[in-house]
Amino acid sequence: MYRKSGKLNQEAELHFHALNCSLLENLHAEHEKLARPVLEALAEENLGVLQDDSHMMNFMAFFGHQISRTKPFRDGVIQVLSRSNALEIQVALAMEHVWWFLSYMFGMNLGRNLFLDRRSARHALLINDTSVPFITSDQPIVNVHPSVSMTDFTPPEHSDFYYPISPRIAYIICDSARFTAGKNKINEDAVIEFNSKVAARARVHIIGNTSEAITPFQNFIARSYQKAPDRRVVA
């Protein structure tokens with residue numbers, strides 16, 4: 001009705017602009033709100049919360065977005081797009097411009113697949129009672145399977161999606177056999193391995209509960225991006 005009136009009102013225009021800018025953030029905020037009870041339960045070692053399919057569905061949707069909505073994920077996807085001819089350049093530019101939408105759909109599709117595969121994959125809680133706390137980063141979920149290459153853009157043999165929830169608790173979804181479903185206590189070597197991989201996949205920031213927790217891993221930050229081939233060059 002406002003558009004059909006043909007009248008321009010500055011206050012109305014500001015409200016419409018704010019609505020357009022906030023719409024996607026409001027969607028993500030809703031996913032975070034629905035996942036919060038699950039995260040709080042998992043932080044207390046309560047895996048039973050995921051026996052409720054609605055909780056599992058909400059958590060997997062949130063999980064998918066934790067992978068896809070980040071700047072490291074966006075930059076990684078955009079970087080490896082081929083730009084060898086005019087059409088490929090147009091497609092790459094289009095993907096950059098509509099990434100706000102693509103990232104949301106990638107997250108939803110990831111979450112959907114993780115939910116549908118929940119019976120076959122190994123969903124595990126990792127309990128860290130060592131002196132080295134878990135850290136996280138601006139790419140909070142990473143594939144920690146050893147087959148993930150740090151230098152080549154090639155598909156890994158397995159996806160072991162690792163998500164640190166607190167300095168002591170992490171969640172992992174394995175399609176390898178590294179961990180069994182349920183609760184797993186891990187040793188200090190595994191914690192250091194995972195922290196190193198989290199830092200290597202970070203773009204800028206790693207986060208810990210103390211400065212001592214992150215200092216040993218600062219030199220790993222963005223290491224995977226420094227070694228990754230740059231495919232932006234047009235042949």
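**Entry 1. Overall description**

I began with burial: of the 235 residues of the chain, 39% count as buried. I note that this is a predicted model. I then looked up the secondary structure and found nine helices and seven strands. Taken along the principal axes, the box filled by the C-alpha atoms is roughly 65 × 50 × 40 Å.

I next checked the contacts between residues at least 6 apart in sequence, and 68% of these join residues at least 24 apart. For the surface, I recorded that the chain exposes about 13500 Å², with carbon and sulfur atoms supplying 57% of that area. I also looked up the charges: there are 24 positive and 25 negative side chains, and the centres of the two sets lie 4 Å apart.

**Entry 2. Nonpolar cores**

I turned to the largest nonpolar core, which has 25 residues. Which of its residues touch the most other members? I found Leu42, Leu50, Phe59, Met60, Phe63 and Tyr171. I then traced the elements that each supply at least two residues of this core: helix 2, helix 3, helix 6 (99-116), strand 1 (122-127), strand 4 (160-164) and strand 5 (169-174). Helix 3 gives the largest share, six residues.

**Entry 3. Helix 4**

I examined helix 4, residues 71-80, for burial and listed Pro72, Asp75, Ile78, Gln79 and Val80 as buried. I then inspected the start of helix 4, where a side-chain oxygen of Thr70 comes to within 3.2 Å of the backbone nitrogen of Phe73.

Glu45 is not a glycine, yet its phi is positive, about 65°. I located Glu45 in the loop between helix 2 (10-43) and helix 3 (53-68).

Ala222 is likewise not a glycine and has a positive phi of about 65°. I placed Ala222 in the loop between helix 8 (211-214) and helix 9 (223-227).

I then asked of Ala222: is it buried or exposed? Ala222 counts as buried because its relative accessibility is 11%, and the cut-off for buried is under 20%.

Notes:
Residues numbered from 1 in each chain as written. Predicted model: local features only at pLDDT ≥ 70, side-chain atom pairs only at ≥ 80, totals over all residues. Heavy atoms only, no water. Helix = DSSP H or I, 4+ residues; strand = E, 2+ residues; numbered from the N terminus. Buried < 20%, exposed > 50% of the residue type's maximum accessible area, 1.4 Å probe, protein only. Core = buried A, V, L, I, M, F, W, Y, C linked by side-chain atoms within 4.5 Å. Polar contact = N/O pair within 3.5 Å; in protein donor to acceptor, adjacent residues only side chain to side chain. Contact = heavy atoms within 4.5 Å. Areas by Shrake-Rupley, 256 points an atom, 1.4 Å probe, with all protein chains shown as cover. Lys, Arg positive; Asp, Glu negative; His and termini not counted. Charge placed at Lys NZ, Arg CZ, Asp CG, Glu CD.
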